[in-house]
Amino acid sequence: MPRPRRSCPTSRPRPPAADDDPFRLGLTLYSASAEFRAGYYDFDGLLDRVAELGIGPGIEIVASQVLPTYPVVSDAFVDTWRAAFDRHGFVASSFGANLDMGRRRDRDMTPDEEFAFSKLMFEGAKKLGFPLVRIQSAKPELLRRLLPIAEDLELKLAYEIHAPMGPNAEPILRVRETYAELDSPLLGFVADFSSTMHAMSPTLLRAVQRAGLDEEAVAKLQEIWTTDATMQARQQEFIAYLRGRDFDPGRLGAFAHLAFNMHGHVDPREWADIMPQILHVHAKFYDIDDAGQEPAIDYPELVRVFVEGGYRGFWSSEWEGHAFAELGEVDPLLLVRRQHDLIRASMRAVTAGV
């Protein structure tokens, strides 16, 4: 991959959205995490590249990754942000707020510290013009304290449902019970499509092969992944298999865990069970093949479920192949552009009744 430039003064026009497109498209800048961290881009250059490729208009950030003065949103960053948005016609979609429980070495945050930190995140999101904050905790007492803040700031709060869980996993059912108790239209979910995969991503499989797995072990990994056992049980079964073949699981590093933690196989139709509460979508993907499809995630089916379910918000592309791919192996922003083509084609096929 050629080394990207830091800034480009002009941008290619974004392909126009059709009036009847159900979803607005965008991306999370997290998709270019590795390149941003490696210094391929500064912040302006990253947004310029996104615009040049015709990606957008929605821009999502993970605050801890992007803010130079994290956790505070500085006035200087607001100026930079607004100038880039004015230049390219972007729209703020989702502010990713981490709840950094381990900010201190000696202990986790207290409930009061959780509240104060979350409030600071909400104020930063408002300062940048975001309508929605992706939250990491749905503790009932914390949400009770935060709801008045969200109401004052006119912010929606969306808890992310991510692999290996789906909308009907036990922890998510408890969140749904909390939402029913609090009964606020500001509370909802971010649907992350890592939850609803039909296969393991080729990017991951290439990574474990580089780490030393042979064809038999890769096939066994995929076989175990397809079972209905819990994530922990599947992981332990695979580790036991490797040890039975005198293969040290440590050679895989984090892959032995990520293979099951980041690839859920819940039926995509389950999203319909909570569709009215889905406020934002992480259109997670790892690969786009030569046919223009995501080989591990059924995007035409997901589009159908969300169109028929009445969802009309942002689909924010999230390439997470950087967890498995080597830096420079692909250009993630080019992949995002190709994924947008796939989503648009799928939307228009559904709305046309194809």
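These legends describe close-up views of a predicted model. Local features need pLDDT of at least 70 and side-chain atom pairs count only at pLDDT 80 or more, while totals for chains, interfaces and linings use all residues. Residues are numbered from 1 along each chain as its sequence is written, and side-chain values use heavy atoms, with hydrogens and water left out.

**View A. Strand 7 and its cover.** Strand 7 spans residues 278-285. Helices (H or I, at least four residues) and strands (E, at least two) are DSSP runs, numbered from the N terminus. The strand is mostly covered, with 8 of its 8 residues buried (under 20% relative accessible area, 1.4 Å probe, protein chains only).

**View B. Strand 7 between its pairing partners.** Strands pair if DSSP finds at least two bridges between them. Strand 6 (residues 187-192) runs parallel to strand 7, joined by 4 bridges. Here aspartate 192 has histidine 282 as its bridge partner. Strand 8 (residues 314-319) also runs parallel to strand 7, through 5 bridges. Lysine 284 stands opposite glutamate 318 of strand 8.

**View C. The β-α-β unit.** Strand 7, helix 12 (residues 299-309) and strand 8 form a right-handed unit. Right-handed means that, with the strands pointing away from the viewer, the path from the first strand over the helix to the second runs clockwise.

View D. Helix 2 (residues 43-52) is largely enclosed by the rest of the structure, because 8 of its 10 residues are buried. Among them are Phe43, Leu46, Leu47 and Val50. Elements covering the buried residues include strand 1 (24-28), helix 4 (75-88) and helix 13 (332-351). Just after the helix, glycine 54 takes a positive phi of about 75 degrees.

Conventions. Buried < 20%, exposed > 50% of the residue type's maximum accessible area, 1.4 Å probe, protein only. Contact = heavy atoms within 4.5 Å.
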